[in-house]
Amino acid sequence: MDMAMLDLLARWLHFLAGVIWVGHNYASVVNRPRWRPLAASDLSDPDSPKLKEVINREHGTFRWASVVTWCAGIFMLWHRGWLPGALQLQGTLAPIGVGVYIGTLMMLNVWFVLWPHQKKVLGLVPAPVHERLRCSRITHLSSRTNTMLSIPLLFLMASGSHGGYLLR
Amino acid sequence: MRHPYDNALTTVALGVALTAVLAALLRLLA
């Protein structure tokens, strides 16, 4: 398999995993457009074990999708030799360079802010009710931070050039 | 305490505003 084909696969993966990742985020925005604080009763709902399993699977899906998206993006920049220039915001690589920083921040947000707190909300990590309620506020703000950051990130991705590799 | 992220519209508005600022900065520094 030559590099052009690998690049095409990376682009495809980048789109696919990116849609799965950020799509979950936007689904959350559409389902809950306004912040509604959780109550202690929400955490002791009889359906909560089932809900916990569903949310855990959903979270795992988009958490790993974020890694695939990030790796595919870095691969595309690396194999072109553009990664150093992008990271140093040089010339025409500056827009996608800013995109790399925003995307990296978003992935770190998912793994190191959202997920540790979500584990407490879901009860995967034992925590008192007041702590779980506090964590639900943090997961909300963390999730919406990524919603907000995805807007400039998608703009910066769209502002790059397109190679037309399939028909070359 | 209310936060702009508590409303979907203000969240999107912040994203659009940040996009405009970054785009302007990139044009300025290009």
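Two residues are taken to be in contact if their C-beta atoms, placed from the backbone, lie within 7 Å. By this criterion, and leaving aside neighbours within four places in sequence, A:L149 is in contact with A:I102, A:L105 and A:M106. The model is a predicted one, in which local features need pLDDT of at least 70 and side-chain atom pairs count only at pLDDT 80 or more, whereas totals for chains, interfaces and linings use all residues. Residues are numbered from 1 along each chain as its sequence is written, with chains lettered from A and ligands numbered from 1 in the order in which they are written.

A residue is classed as buried if 20 or more other C-beta atoms lie within 10 Å of its own, as exposed if 12 or fewer do, and as partly exposed in between. A nonpolar core is a set of buried Ala, Val, Leu, Ile, Met, Phe, Trp, Tyr and Cys residues joined through C-beta atoms within 7 Å. The largest such core has 25 residues, of which A:W21, A:A86, A:I96, A:I102, A:M106 and A:L149 touch the most other members. Two or more residues are given to this core by each of α1 (3–31), α3 (48–80), α5 (94–122) and α6 (129–158) of chain A; helices are DSSP runs (H or I, at least four residues) and strands likewise (E, at least two), numbered from the N terminus. The most comes from α5(A), with nine residues.

The 30 residues of α6(A) should span 44 Å at 1.5 Å a residue, and the end C-alpha atoms are 43 Å apart, which agrees; the expected span is 1.5 Å times one less than the number of residues. A kink of about 30° lies in α6(A) at A:S150, shortly before the proline A:P152. This bend is the angle between axes fitted to the seven residues ending at a residue and the seven starting there.

In the loop between α4 (83–87) and α5 of chain A lies A:L89. Its phi is near 55°, a positive value in a residue other than glycine. A:L89 counts as partly exposed because it has 16 C-beta neighbours inside 10 Å.

Chain B has one helix and zero strands, and 7% of its 30 residues count as buried. The contact between the chains takes 15 residues from chain B and 15 residues from chain A. Within helix α1 (residues 8–29) of chain B, B:L22 touches A:V98 and A:P152, not counting residues up to four places away in sequence. B:L22 is partly exposed, with 19 other C-beta atoms within 10 Å.
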